[in-house]
Amino acid sequence: YNGKRLYPGDDIALFIDIPNVISDLKIYDYKIQLRGFNMNSWLAPREFNLTASHAVDINFIEKDIKWDFQRKETREEMFKGRKSEIDKLVETFTSIDRRKIPVVFGLTRTGKSSILLNLKSILRGYETSIDGLTKKILPIYIDLSTITSLLKNQDSFIRQFWIKCTYDFDSVDLKYDTFCPKSLEDIIDFVNENGMYPLFMFDEFTYVRKIIEVEGNEFLKTIREFAIDQRAGFIYAGTYDILDIIRDPNLNPAGAFMNIDEYKIYSIQDPLDAESLIRVMEPNLSFTQSAIESIHMYSGDVPYWIQVICHYCAKYAIKYKRPVIGTKELDDVVQGILGEKKVDGVISMSDIQFEQQQILGSDPKETKSLLFSIAYLMKDASNQNGVSWTRLKEFWLENGYNPDMQSIVTAKERLEDRLCILSSDVDGTSLYRFSVGLFRRWCARKDVFSELDKTNII
């Protein structure tokens, strides 16, 4: 620099004259292009995006942060991009024919519980006609994971199930003190006799396996019959493991799942809806446009990841007095979330949290090898649009990896079906990339060669 030889790790001070019209602004983005000179030749220039701002007082404190990724029930102003799913579910239970059972499924933290809880608020008290009688819908939300740990026999199941029902009875002032049900049918009849139509929302439905151990396989068949007779409505919600239950012939007696409708939940489909979630704290906290574009990329527009990133950006803003978050501040936060460096106020996500977001217990063991390989190859700037299947096979061959190809293809298909990886056609070639940028960066930190060794069949 200025005739001085620079070595890795050297720092230099660069002073720039900024016009008054810019320096008077509270915040501004700017780009710096640096070009090195090495061995008598100029290197290709590199461009850096930076954000500059004056230190100012922040107009909010930590309790004012609206993004709350640990909360299941999402406030209306934070519930973005799920209108089409909600509208379809509302129509299912307010139409004349409500015999279908919706199955809402997706990866962990994609908003399934929020959909159920917001639907519950919309439908509670909604008047509908059933067999010529006007009844009010009574949504009853039950997280099956909170029941199954206490199960010992049929009596304990009904007792725990009844206790969960009473939470929603209280919300409509339904008196139940003198009633003691002995079966699910007793509970359904009790609600109907009080002029209401019960709508059971079963969250964490994969735990139904434990209920079946106590109640028997006929439990699911009985639910289907209640739905077809329109004595009660049901919604099932859970992770992709729910599909294994639906397709398991041992858990599907007499067509217990013949009347289901599947709803796959993942990212917010409209980028404008995702952006409105990012901008929800304006004007107290804003993001530069380049930072917003990066949040789209890092989160894949999955509501949970938007809230994780923005929540910690807000805490960062309080700590460092940044009313506007730019690309530099955002990158600090992302590094903190990934555990790449310690950032005050940012809690790193554990490896288990990242792994559970992408890999299911029923996936082939080669799934990690596939994910880590894509991430490793995407470190190369020429592969930012994705990695071809041909390049993946070349990479495995170069490193002596000989996977079971049927298993690796199954892993790819399952990851595509869950939208963990996306494919795009470029000049007639399918390129594979991560849907969530945070996942790619997490996988890229892992030892791909160690993982290849673990699953090598040579």
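Helices here are DSSP runs of H or I with at least four residues, strands are runs of E with at least two, and both are numbered from the N terminus. The model shown in these views is predicted.

Figure 1. The C-alpha atoms fill a box of roughly 90 × 60 × 40 Å, taken along the principal axes. Of the 458 residues in the protein, 48% are buried. For contacts between residues at least 6 apart in sequence, 70% join residues at least 24 apart.

**Figure 2. Glu204 is in the loop between β8 and α7 (208-215).** The phi of Glu204 is positive, near 55 degrees, and Glu204 is not a glycine. Most residues other than glycine have a negative phi. With 24% relative accessibility, Glu204 counts as partly exposed, because that class lies between the limits of 20% for buried and 50% for exposed.

**Figure 3. Asp131 is in the loop between β6 (127-130) and β7 (133-143).** Asp131 is another residue other than glycine with a positive phi, about 50 degrees. The relative accessible area of Asp131 is 72%, so this residue is exposed.

**Figure 4. The peptide bond from Glu282 to Pro283 is cis.** Its omega is near 5 degrees. Most peptide bonds are trans. Pro283 belongs to the loop between α10 (271-278) and β11 (286-287).

**Figure 5. Helix α10 has buried residues on one side.** Ala274, Glu275, Leu277 and Ile278 of α10 are buried. Around the axis they cover an arc of only 155 degrees, so they are on the same side of α10. An α-helix has 3.6 residues a turn, so residues three or four places apart point the same way. The partners that the buried residues of α10 pack against are β11, α11 and α12.

**Figure 6. Four residues of helix α16 (residues 389-398) are buried: Trp389, Leu392, Phe395 and Trp396.** Where do these buried residues fall when seen down the axis of α16? They lie within an arc of 120 degrees, so they line one face of the helix. Leu397 and Glu398 are on the other side of α16 and are exposed. The buried residues pack against the helices α15 (367-377), α17 (405-417) and α19 (448-454) and the strands β13 (387-388) and β15. After α16 comes Gly400, with a positive phi near 70 degrees.

**Figure 7. Phe202 is part of strand β8 (residues 196-203).** Is Phe202 buried or exposed? Its relative accessibility is 1%, so Phe202 counts as buried. Setting aside residues up to four places away in sequence, Phe202 touches Leu116, Ile142, Leu144, Phe161, Ile223, Phe234, Ile235, Tyr236 and Ala237. Phe202 and Thr455 are 253 residues apart in sequence, and their C-alpha atoms are 37 Å apart in space.

**Figure 8. The largest nonpolar core holds 118 residues.** Which of its residues touch the most other members? They are Trp67, Phe200, Phe234 and Tyr236. Helix α12 (residues 303-320) gives the most to this core, with eleven residues. Another core, of 21 residues, lies apart from the largest one and includes Phe79, Phe93, Leu119 and Ala237. In soluble globular proteins, nonpolar side chains tend to be buried together.

**Figure 9. Tyr236 is in contact with residues from several parts of the sequence, including Ile101 and Phe257.** Neighbours within four places in sequence are left aside in this view. Among the other contacts of Tyr236 are Pro102, Val103 and Val104, together with Phe202 and Phe205. Leu220, Ile223 and Ile242 also touch Tyr236.

Figure 10. Two or more lining residues come from each of β4 (46-53), α11 (289-299), α13 (327-338), β15 (429-434) and α18 (437-444). Which of these elements gives the most to the lining? It is α13, with six residues. Sorted by class, the lining has eleven polar, ten nonpolar and seven charged residues.

Conventions:
Residues numbered from 1 in each chain as written. Predicted model: local features only at pLDDT ≥ 70, side-chain atom pairs only at ≥ 80, totals over all residues. Heavy atoms only, no water. Nonpolar A, V, L, I, M, F, W, Y, C, P; charged D, E, K, R; others polar. Buried < 20%, exposed > 50% of the residue type's maximum accessible area, 1.4 Å probe, protein only. Arc of directions from axis to C-beta. Contact = heavy atoms within 4.5 Å. Core = buried A, V, L, I, M, F, W, Y, C linked by side-chain atoms within 4.5 Å.
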